[in-house]
Amino acid sequence: MSNSADPAGRNNPATNTNSTNTADATVSTGGERPVLRFERVLAKPPEAVWRAITDREELRAWFPCEVVTDAWEPGARISFPFPGTDMTLTGVVLEAEAPRVLAYTWGEETLRFHLTTEPGGRTRLVFTDETPPDIAARNAAGWQICLGHLAGESIATDAWKGHFDRYTAAFEPALGPQQGPPAGS
């Protein structure tokens with residue numbers, strides 16, 4: 001059985017009023033690791049969203065670091081250097097089926113993008129992050145902002161802290177204490 005924490009109360013049918021474009025993450029705890037889940041409807045067709053999640057230049061507009069790979073095919077190596085720091089994560093492409101599914105490891109985590117066509121030339125994006133439990137709130141806050149940038153939203157510069165505080169309050173009962181941002185960030 002899966003447990004979940006839902007800071008927006010969307011899992012409660014009484015409060016689930018917008019099932020097509022929810023910005024907040026939910027977390028499932030029924031597997032080996034917690035899984036953050038976001039679902040958004042983007043105003044571009046799947047092919048354009050696929051470029052946004054695989055093209056190095058387009059990734060710079062919304063992803064939290066550089067993404068360097070020679071190919072988007074299973075087994076391909078990826079590096080994720082963080083500009084202005086000495087930190088570089090590594091990863092491996094697990095699944096790549098353009099323009100529908102992309103999954104890869106990102107350090108200790110597994111990121112998955114699932115794209116489906118929506119009416120009007122739009123795309124439903126379901127993004128999941130299998131994350132260590134103690135950084136789930138931090139990651140949820142960060143991905144909420146990143147996915148907002150991917151959707152073309154205007155994001156307040158101080159938005160992360162509010163998201164982090166809200167996710168911490170929602171996730172700590174199920175996942176335990178939550179770490180803040182990495183030192184130096």
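Modeller: This is a predicted model. A polar contact of 2.9 Å joins the side chains of glutamate 66 and arginine 60.

Colleague: What makes the link between the side chains of glutamate 66 and arginine 56 a polar contact?

Modeller: The two side chains are joined at 3.5 Å. The cut-off is within 3.5 Å, so the pair counts as a polar contact.

Colleague: Why does glutamate 66 count as buried?

Modeller: Its relative accessibility is 16%. Buried means under 20%, so glutamate 66 is called buried. Glutamate 66 sits in the loop between helix H2 (56-59) and strand S4 (68-69). Beyond its sequence neighbours within four places, its contacts include Ser79, Phe80 and Pro81.

Colleague: How do you know that glutamate 108 forms a salt bridge with arginine 33?

Modeller: Their closest N and O atoms are 3.5 Å apart. A salt bridge needs the nitrogen within 4 Å of a carboxyl oxygen, so the pair qualifies. The partners are 75 residues apart, and the pair links distant parts of the chain.

Colleague: Why does glutamate 108 count as exposed?

Modeller: Glutamate 108 has 59% relative accessibility. Arginine 33, at 26%, counts as partly exposed.

Colleague: What does the salt bridge of arginine 112 and glutamate 95 tie together, and why?

Modeller: The closest N and O atoms of this pair are 2.7 Å apart. Arginine 112 lies in strand S8 and glutamate 95 in strand S6 (residues 88-97), so the pair ties together parts 17 residues apart in sequence.

Terms used: Residues numbered from 1 in each chain as written. Predicted model: local features only at pLDDT ≥ 70, side-chain atom pairs only at ≥ 80, totals over all residues. Heavy atoms only, no water. Helix = DSSP H or I, 4+ residues; strand = E, 2+ residues; numbered from the N terminus. Buried < 20%, exposed > 50% of the residue type's maximum accessible area, 1.4 Å probe, protein only. Polar contact = N/O pair within 3.5 Å; in protein donor to acceptor, adjacent residues only side chain to side chain. Contact = heavy atoms within 4.5 Å. Salt bridge = Lys/Arg side-chain N within 4 Å of Asp/Glu carboxyl O.
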